[in-house]
Amino acid sequence: MLYTIVPRRGAAPPRAPTQRPLILEGRDVPEAAGLAIVGAQVWTGNPAQPLAEAVAVAGSRIRAVGTNAEALAAAGPGARVLDARGRRVVPGFDDTHVHFFTGGDALASADLRGAASPGELRERLARYAATRPPGEWILHGNWDHERWTPADLPTAALIDDVTPEHPVWVHRSDLHMALANTLAMKLAGVTSDAADMPGGEIVRGPAGRPTGIFKDAATSLVERAIPPPSPARILEAIRAAQDLAAAHGVTSVHDMGVLGGRGAETMLEVLRAYQTLERRGELKVRVSAHLPLAEWRRVAEAEPMPGGHRLRVGAVKSFVDGSLGSSTAWFYEPYADAPGVSGGPSDELADPERHYRRIRDADAAGIQVALHAIGDRANALALDLWERLAADNGARDRRGRIEHAQHLRPEDVARFVAARVIASVQPYHCLDDGRWAEKRLGPARARLSFSFRSLIEAGAVVAFGSDWSVAPLDPLLTIHAAVTRRTLDGRNPAGWIPEQKLSIAQAVRACTWQGAYASGEERLKGSIEPGKLADLALLSDDIFAIDPERIRDTRVDVTVFDGRIVHQSETSDRL
Ligand SMILES: [Zn+2]
């Protein structure tokens with residue numbers, strides 16, 4: 001159970017998400033000493049005062065935005081003063097779609113990505129195992145045998161003697177295969193008798209003995225033996241994740257949950273880890289956590305608590321379809337490379353009326369709902385659901401969201417506006433999927449992919465996220481992707497579907513104010529205005545002026561979160 005959400009006493013009338021912060025454990029932080037950033041080019045995101053020279057912060061709030069003299073006066077004597085030397089300051093970035101535990105868990109694990117030989121993989125694993133409690137599974141890794149000559153797959157025998165007390169299950173960087181050591185296979189009950197399965201392969205050596213490599217569907221043979229992560233491990237992973245976020249200027253994340261098996265269960269523990277950090281005053285990023293739709297009652301029963309605007313249960317999330325890569329994204333027409341296959345609804349939609357009733361009841365309790373939809377048919381169905389909801393529960397500012405909104409029929413773009421549904425999209429996927437989407441969808445349908453500009457011009461709210469750990473947790477890469485649309489293979493120098501490229505300002509707004517809007521917090525954050533929360537990012541280069549291609553090399557020199565400096569790069573000693 002989610003024991004850390006306090007049950008509500010008595011029946012309170014449902015409130016709109018914007019008035020219903022659902023903060024789990026907020027508390028006032030002691031007033032930080034004042035801070036003034038002067039000599040900057042501040043892009044405020046506030047149409048009434050788009051540019052300024054300086055910002056002053058007191059406690060966790062922005063006190064003044066204006067000239068250097070105004071900021072210095074407002075910050076008061078004893079304030080810390082940072083001279084930005086002409087660099088850009090933007091609102092702290094708001095990433096509307098992350099899987100924070102999954103990403104942090106990988107960061108906190110053995111890093112095998114750079115291993116240039118089997119010996120180095122072994123060496124790196126040995127070093128990592130020596131730092132871990134015996135019995136703890138070693139996961140992630142992201143090795144790549146294509147970096148070696150000859151490119152032989154690693155084996156259990158290679159790593160067994162350096163990991164005698166740690167079950168090892170480390171993936172190749174493409175996630176399509178993984179290496180187990182003998183201890184992991186033993187715990188999973190995998191022997192020479194294990195049968196191959198459709199869609200999977202157990203790589204075997206002499207006498208049919210598994211070598212330790214399991215491919216695709218066969219990975220489930222070992223995966224099912226992995227216990228849920230311990231609370232200590234979860235805390236460690238969340239710390240690693242928030243450090244990375246701070247380094248990239250990300251001051252708010254919408255956590256969509258844990259990837260992989262037992263994700264829903266683990267997510268409740270992840271919430272506890274956030275609460276622990278909040279209680280200790282160590283949280284470095286604002287978190288709006290999403291729980292599965294099936295958990296909506298828990299969210300409805302949570303008691304809103306006054307306090308710090310750092311932690312809240314933001315919404316419930318449900319899946320309408322699957323993914324393009326696995327051909328489970330749901331389309332009206334079959335995939336171009338798989339005749340007869342057009343994807344389909346998710347398991348949650350096996351009983352569509354029950355699914356709708358949950359959405360209707362969650363909405364009636366004032367809870368925001370997010371629906372994952374990739375294919376055009378899934379998106380049309382999600383929009384149908386919101387139209388039906390408005391008819392049943394009445395029109396209100398419900399901030400319905402579609403996560404990904406990746407492939408849209410032209411006629412559905414306007415429906416986002418009419419139904420006031422937020423498109424929560426991840427531009428980096430456009431560089432990635434853009435390499436092969438046309439082969440999967442055919443040229444005409446591929447044209448309707450990642451229609452960011454059409455959505456914005458129609459008047460829809462488009463909020464940007466990374467989908468970390470599936471894509472990098474770096475808003476500058478997200479902005480770069482949205483303004484250039486240059487696919488990772490370099491084949492679209494002028495941009496893939498160039499008519500959908502955004503301006504820098506549109507992209508920055510989608511990473512800041514629109515993100516705050518997507519969690520119903522735009523009155524609190526998302527722009528640099530007096531009275532708003534003091535979340536800021538100071539950039540190494542002026543992304544509004546440089547060649548857009550260089551945006552991806554731009555770094556965040558300073559991150560201010562809640563009025564405190566939580567990141568300062570080594571190269572920012574020019575300050
Ligand atoms: Zn995701």
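The lining of the second largest pocket divides into 6 nonpolar, 6 polar and 2 charged residues. In that count, Ala, Val, Leu, Ile, Met, Phe, Trp, Tyr, Cys and Pro are nonpolar, Asp, Glu, Lys and Arg are charged, and the others, Gly among them, are polar. Please keep in mind that this is a predicted model, in which local features need pLDDT of at least 70 and side-chain atom pairs count only at pLDDT 80 or more, while totals for chains, interfaces and linings use all residues. Residues are numbered from 1 along each chain as its sequence is written, and side-chain values use heavy atoms, with hydrogens and water left out.

**The pocket**

The second largest pocket holds about 250 Å³ of space. Of its 14 lining residues, Thr-182, Met-185, Arg-209, Pro-210 and Thr-211 are the closest to the centre. Two or more lining residues come from each of α4 (156-159), α5 (182-188) and β13 (210-216). Helices (H or I, at least four residues) and strands (E, at least two) are DSSP runs, numbered from the N terminus. A pocket is an open set of points on a 1 Å grid over the protein atoms alone, where a 1.4 Å probe fits, with protein on both sides within 12 Å along at least five of seven lines; lining residues have an atom within 4 Å of a point. Grid points are joined across faces, edges and corners, and the volume is the space filled by probe spheres set on the points.

**The zinc site**

Which residues coordinate the zinc ion? His-97 and His-99 each contribute NE2 and Asp-467 contributes OD, at 2.1 to 2.2 Å. Along the chain, these donors follow the spacing H-x1-H-x367-D. Donors are N, O and S atoms within 2.8 Å of the metal (3.2 Å for Na, K and Ca); water is not among the atoms, so sites may look incomplete. Both histidines are covered: His-97 is buried at 1% relative accessibility, and His-99 is buried at 5%. Buried means under 20% relative accessible area, exposed over 50%, and partly exposed in between (1.4 Å probe, protein chains only).

**Aromatic pairs**

There are 9 aromatic pairs in the structure. One of them joins Phe-450 and Trp-496, whose ring centres are 6.2 Å apart with planes at 65°, so the pair is edge-to-face. This pair links distant parts of the chain, 46 residues apart: Phe-450 sits in the loop between α15 (443-446) and α16 (452-458), and Trp-496 in the loop between α17 (475-484) and α18 (504-510). Phe-450 is buried at 3% relative accessibility, and Trp-496 is buried with a relative accessible area of 5%. Ring pairs also build a cluster of Phe-450, Phe-452, Phe-464 and Trp-496. Rings of Phe, Tyr and Trp (its six-membered ring) pair if their centres lie within 6.5 Å; planes under 30 degrees apart count as stacked, over 60 as edge-to-face and the rest as tilted.

**Contacts across the sequence**

Ile-422 belongs to strand β19 (residues 422-425) and is buried, with a relative accessible area of 1%. Trp-43 belongs to strand β2 (residues 41-43) and is buried too, with a relative accessible area of 13%.

**Backbone details**

Most residues other than glycine have a negative phi, and most peptide bonds are trans. Here, the bond from Thr-149 to Pro-150 is cis, with omega near -10°, and Pro-150 lies in the loop between β9 (138-143) and α4. Another cis peptide bond joins Trp-468 and Ser-469, with omega about 15°; Ser-469 lies in the loop between β20 (462-464) and α17.

Is Arg-85, a residue with positive phi, buried or exposed? Arg-85 is exposed, with a relative accessible area of 55%; its phi is near 50°, and its place is the loop between β6 (80-83) and β7 (88-91). Ile-497 has a positive phi of about 55° and is found in the loop between α17 and α18, where Ile-497 is buried at 2% relative accessibility.
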